[in-house]
Amino acid sequence: MQFQQLIYFNEIIKAKSMNRAANNLYLSQPSLSKSMQMLEEEIGTKLFIRTNKGVILTENGEKLAQYSKTILAQLEMIKKIPQEKSRKVLNIASYPLITVEKVIADFYIVYDFHPLVINFEQCRLNDVIEKVEKSDAEIGIIMYNEAQSREIKNILRHKHLLYTEWMTDTWYVNLGKKNPLYHSKMISMEELRSFPVIRKPDDYYSSLSFYLEIDGIRLAELDKVIYTNDNSSIITMLQKTDVFRFGPSISKNEFNQYGIKTIPIKNCQVFIRIGWIKRKKEILSNESQSLIEFFKREICEKNSENLLL
């Protein structure tokens with residue numbers, strides 16, 4: 001089958017006549033008929049019913065008409081490739097942090113890399129590492145705590161990934177006005193045990209956090225849990241119910257916009273690290289380097305003065 005045969009076929013459909021189609025295509029009617037006969041023989045089915053008033057598509061002809069329109073439309077796109085401006089693509093995988101969403105949006109506005117395609121995906125820690133290793137993402141943004149530290153360092157070394165740290169932080173409590181602890185200056189773990197914690201579904205690395213202990217209470221003892229994959233769902237639940245979540249202080253300003261407070265936890269000694277990863281031997285694109293510098297300014301330098309520590 002040739003593209004030219006599909007072009008002829010579609011012209012016959014539009015003209016509703018073999019003779020008119022031949023005239024439109026500047027072909028002889030016998031040549032066009034022969035081309036369609038060869039197409040029918042190759043496909044193994046009759047495409048047209050010829051009548052005194054023109055041609056009518058058979059049932060299989062109708063099917064080919066649908067498929068051929070898609071094929072020819074894609075062919076036109078292929079022909080336009082040399083005319084298109086070169087588009088740069090920036091692939092980013094990130095641990096789900098609301099602050100990262102804002103920084104990505106600000107980066108796109110401030111840096112005029114048009115035409116630039118940004119593929120930004122938020123996923124669990126294991127998936128971020130996998131995507132960078134397999135080149136599905138050029139850079140990955142990660143956050144991990146001391147209970148995960150040994151495993152993270154081992155897997156990054158095994159997968160030949162380089163980690164660069166932006167900042168360190170600790171855990172705080174995010175909660176909304178429906179929670180009775182909303183106006184607290186500091187919250188104890190004992191107080192939190194009365195309320196559900198909302199979090200992303202567990203993967204291998206997050207399950208290691210169950211062994212963490214804050215003020216004598218292990219995280220595994222918090223048995224009221226709501227799981228969701230979606231950041232907007234987390235925000236809605238924090239606004240409308242008494243649930244709480246653990247998170248770093250760097251997201252304080254973003255949560256404030258939704259009426260959600262970021263409050264210190266009494267005697268919290270959890271130590272978390274925030275940074276980015278890349279493949280060791282790979283040189284970053286100019287766009288990725290610019291994004292890294294932008295993150296450094298927006299997350300590290302701006303938050304260094306506002307950390308709640």
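Modeller: Strand E3 (residues 88-94) pairs with E4 in the parallel sense, over 7 bridges. Two strands count as paired if DSSP finds at least two bridges between them; helices (H or I, at least four residues) and strands (E, at least two) are DSSP runs, numbered from the N terminus. Within this pairing, Lys88 stands opposite Leu116 in E4. Helix H5 (residues 98-110) packs on the sheet and touches E3, E4 and strand E5 (139-145), where contact means heavy atoms within 4.5 Å. The direction of H5 makes about 180 degrees with that of E4; axes are lines fitted to C-alpha atoms, for helices over the stretch in contact, and angles run from 0 to 180 degrees between N-to-C directions.

This is a predicted model, in which local features need pLDDT of at least 70, side-chain atom pairs count only at pLDDT 80 or more, and totals for chains, interfaces and linings use all residues. Residues are numbered from 1 along each chain as its sequence is written, and side-chain values use heavy atoms, leaving out hydrogens and water.

The sheet is open, with 5 strands in the order E4-E3-E5-E14-E6 and mixed pairing. Strand E4 (116-122) and strand E6 (161-169) stand at its edges with a single partner strand each, so one side of each is left without a neighbour in the sheet.

The loop between E3 and H5 holds Pro96. Not counting residues up to four places away in sequence, Pro96 touches Gln122, Cys123, Arg124, Lys200 and Asn231.
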